[in-house]
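Here is a short note to read beside the model. Please keep the sequence at hand.

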Amino acid sequence: MIKENFQNILSQLPPGVELVAAAKERSVDEIKAAISAGARIIGENYVKEAKDKVAVVGRDVKWHLIGHLQKNKAKAAVGIFDMIETLDSLELAGILDQECKRINKFMPVLIEVNSAGELQKAGILPEAAEKFLKQILVFSNLKPMGLMTMGPWLDDVEGLRPYFKKTKDSFEQIKKTYGSKLDWRYLSMGMSSSWKVAVEEGTNLVRIGTAIFGERR
Ligand SMILES: *Cc1c(COP(=O)(O)O)cnc(C)c1O
């Protein structure tokens, strides 16, 4: 089923939209099935889980961190991931930069936007994203490449549109200012239930788990 699910979604994505297979709690065999169906980017939420899987699955695919990163895991994360989609504080940016410098790595990062301004959620408010970007430019081993958002948890995915729009607006605004200086090109929005809405609102990176692998156990 994984192969059919993956290819079915892939066939519906417009050109230029990339698919991250969100693989938390999935086995190495499930991930391998997605890769043989064409998956090129695997998303993981936890550093330890990703480390174990990368050791077996290998590095022919890209590994994205899509879950919240604790500061004490930054060092390990820098060694494992090809992109960190969840940069959500200045302090974390500084630590990541330091760890990257130690191993001479340039880390692609996305700024996580708290698009609905939810108090309990991590992330930078959409209005503050440009200022935050400006502040992290001093960290020369980070490569800011775009924005990521989860959006609020809603029963009706149509309700996500305003938050996706806000994030897209902020992405475009930043592109105007920084497009010539940075490789600013990823807007990561949309999951199993919401990717179609996110595509309509201009995402180019969707993170899909359940619709590829089935319900999580
Ligand atoms: C789990 C997860 C996804 C995928 O969610 P599904 O509903 O299973 O598609 C996407 N993004 C993040 C940050 C996740 O943690």
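1. Start with a salt bridge, K53 to E49. Their closest N and O atoms are 2.7 Å apart. The term means a side-chain nitrogen of Lys or Arg within 4 Å of a carboxyl oxygen of Asp or Glu. By this rule there are 16 salt bridges.

2. Both K53 and E49 belong to helix α3, residues 47-57. They are four residues apart, about one turn of the helix. Helices here are DSSP runs (H or I, at least four residues), numbered from the N terminus.

3. A caution on the source: this is a predicted model, where local features need pLDDT of at least 70, side-chain atom pairs count only at pLDDT 80 or more, and totals for chains, interfaces and linings use all residues. Residues are numbered from 1 along each chain as its sequence is written, and side-chain values use heavy atoms, leaving out hydrogens and water.

4. Now the ligand. Residues surrounding the ligand include A22, I66, M150, R207 and T210. By class, its shell holds five nonpolar, four polar and three charged residues.

5. Which side chain has a polar atom 2.5 Å from a ligand oxygen? That is S192. For N45 the distance from a polar side-chain atom to a ligand oxygen is 2.7 Å. For an N or O atom in the K24 side chain, it is 2.8 Å. The protein covers 91% of the 380 Å² of accessible area that the ligand has on its own (Shrake-Rupley method, 1.4 Å probe).

Methods:
A residue is near a molecule or strand if one of its heavy atoms lies within 4 Å of it. A polar contact is a pair of N or O atoms within 3.5 Å; within protein, one must be able to donate a hydrogen and the other to accept it, and residues adjacent in sequence count only if both atoms are side-chain atoms. Ala, Val, Leu, Ile, Met, Phe, Trp, Tyr, Cys and Pro count as nonpolar, Asp, Glu, Lys and Arg as charged, and the others, Gly among them, as polar. Helices (H or I, at least four residues) and strands (E, at least two) are DSSP runs, numbered from the N terminus.
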